[in-house]
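Welcome! Please take a moment to look over the sequence and the 3D view before reading on.

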Amino acid sequence: MDLDAVTKHSALHAKPSGLILQYGTAGFRTKAEHLDHVMFRMGLLAVLRSKQTKSTIGVMVTASHNPEEDNGVKLVDPLGEMLAPSWEEHATCLANAEEQDVQRVLLDISEKAAVDLQQDAFVVIGRDTRPSSEKLSQSVIDGITVSGGQFHDYGLLTTPQLHYMVYCRNTQGQYGKATTEGYYQKLSKAFVELTKQAFCSGDECLLLKVDCANGIGALKLREMKNYFSRGLSIQLFNVGTTGKLNHLCGADFVKSHQKPPQGIEMKPNERCCSFDGDADRIIYYYYDADGHFHLIDGDKIATLISSFLKELLLEIGESLNIGVVQTAYANGSSTRYLEEVMKVLFSKTAEMKIKQLAEELEDKKRKAAKMLENIIDLFNQAAGDAISDMLVIEAILALKGLTIQQWDALYTDLPNRQLKVKVADRQVISTTDAERKAVTPPGLQEAIDNLVKKYKLSRAFVRPSGTEDIVRVYAEADSQESADSLAHEVSLAVFQLAGGVGESPQPGL
């Protein structure tokens, strides 16, 4: 690595004065015009990480569900997973270094991480459809090339597709072909195999309406539709030809506002879903016959999949455990259902045993085990992949003969509300207990606890955003009115105790 050349090129990607950013689970995110230096430096860091792991590393240029004027970047580790926590610290340090310190920081990282600077490096790059993404991707490439790395630019990809490419390249193609066609073939083959018992004739065709958030999901679903045309008909809305990315549409909008996106035509009892801007989130919803809106979020998606897996395991006579990982946002009703009805617990060991069973069991058992293997092929990619999640859900609904209303009726969600509060500095809030309890600022958790006591079947928590100076508020209670009131009161407590800025939270917003 020619450090003098790096220093010279770094000056062409100058860091704005006073800008401080933090690498979180979503990588870096902020206004696109502030990210040129970050992109260049993440190209440098990706080369170091590739040298250290002797593997291909991914760089994705996206800000997911953020507004179109924002952008961001995150690195993908060798097996398609998130960047290791110790390297998140390196990313933050490098991004915030003053110009004269970039060379020193690179050497510090190389020393701390025992990077062999003579080792070859290879980086793959993807980007979403934001107007700023192509130019920012070029800044990443500048960082890679000046530091002596090789690269392949995939261009427009969903975030999960880039994760897939990285995993394929580092398993020498054993997981699949590192191309978009390979991705489409892998998922569609599993879907078709799963559903061939459910679709008896060409006349039977599932209809699903998809809100693509005016993002990359529209482009990729169009390319993929022919691969799984049998048995599944998809109508695409908010495809990016007119509306802005994530504006009044997309999974985050639907979840936060608990209403349909603009731009989609919904009839009673039709299945609809929304992706977010980079197609790593999905949410389902429908109108009932009385015109009431019903939201089916990740909790019910997890319940549908885990219950189906449990049924197949029983069918093949296996007593393997199944488990579901939930976040603090999981609805209390879903947690009770999973614990008391499903009694689930799942592990990677169980997954490997399922694959072995597909080879060992006879006839009926073999068919069930093969279903499980195909589910896992789809769901392995579903670590935040809206497309593969969609295919898993559609396959299970078809095999079980469930309508969206029957799926929704597995259990009744407690009414809930999510709000956002703008603050001067999100870092004044720290949490514990899986982000369900506020440690700082002093008095905030006590205030939340006192507010929760006023309502039945209630709970509430707050957590700082990982990417912007806002605090997210979650509340649930026995009625929607109570959930809304509790969320508003907690928002006021956050505004008053955690340095709220702008207008004080108003009821109903």
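## A pair of facing residues

Helices (H or I, at least four residues) and strands (E, at least two) are DSSP runs, numbered from the N terminus.

A word on the source: this is a predicted model, in which local features need pLDDT of at least 70 and side-chain atom pairs count only at pLDDT 80 or more, while totals for chains, interfaces and linings use all residues. Residues are numbered from 1 along each chain as its sequence is written, and side-chain values use heavy atoms, with hydrogens and water left out.

## The whole chain

The protein chain holds 17 helices and 15 strands. Of its 509 residues, 55% are buried, where buried means under 20% relative accessible area, exposed means over 50%, and partly exposed lies in between (1.4 Å probe, protein chains only).

Contact means heavy atoms within 4.5 Å. Among the contacts in the protein chain with a separation of 6 or more, 71% are between residues 24 or more positions apart.

## Strand β2 and its partners

Let us return to β2, which covers residues 56–61. Strand β3 (residues 70–76) runs antiparallel to β2, and 4 bridges join them. In β3, Val76 is the bridge partner of Gly58.

Because 6 of the 6 residues of β2 are buried, this strand is largely enclosed by the rest of the structure. Thr56, Gly58 and Met60 point one way, while Ile57, Val59 and Val61 point the other way.

The loop between β2 and β3 contains His65. Is His65 buried or exposed? Its relative accessibility is 13%, so His65 counts as buried. The His65 side chain makes a polar contact of 3.5 Å with the side chain of Ser64. A polar contact is a pair of N or O atoms within 3.5 Å; within protein, one must be able to donate a hydrogen and the other to accept it, and residues adjacent in sequence count only if both atoms are side-chain atoms.

Leaving aside neighbours within four places in sequence, His65 is in contact with several residues, including Arg29, Asn246, Asp276 and Arg472.

## A sheet of five strands

Elsewhere, an open sheet of 5 strands has mixed pairing and the order β7-β6-β8-β9-β10. Its edge strands, β7 (232–237) and β10 (293–296), each pair on one side only. Strand β6 (residues 206–211) pairs with β7 in the parallel sense over 6 bridges, and Leu206 stands opposite Leu232 in β7.

## Helix α14 across the sheet

Helix α14 (residues 386–400) lies across β6, β7, β8 (272–275) and β9 (282–287), and runs at about 45° to β9. Axes are lines fitted to C-alpha atoms, for helices over the stretch in contact, and angles run from 0 to 180 degrees between N-to-C directions. In α14, 13 of the 15 residues are buried. At its start, a side-chain oxygen of Asp385 reaches to within 3.0 Å of the backbone nitrogen of Ile387. Just after α14, Gly401 takes a positive phi of about 65°.

## Two nonpolar cores

A nonpolar core is a set of buried Ala, Val, Leu, Ile, Met, Phe, Trp, Tyr and Cys residues joined through side-chain atoms within 4.5 Å. Which residues have the most contacts inside the largest nonpolar core? They are Val210, Phe275, Tyr284 and Met390, in a core of 54 residues. The largest share of this core comes from α14, with 9 residues. A second, separate core has 43 residues, among them Val61, Ala91, Ala113 and Ile141.

Most residues other than glycine have a negative phi, and most peptide bonds are trans. Asn246, in the loop between β7 and α9 (251–257), has a positive phi near 65°. Ala279, in the loop between β8 and β9, also has a positive phi, of about 65°. With 0% relative accessibility, Ala279 counts as buried.

Finally, a cis peptide bond joins Thr440 and Pro441, with omega about 0°. Pro441 lies in the loop between β13 (437–440) and α16 (444–452).

Terms used:
Pairing = 2+ DSSP bridges.
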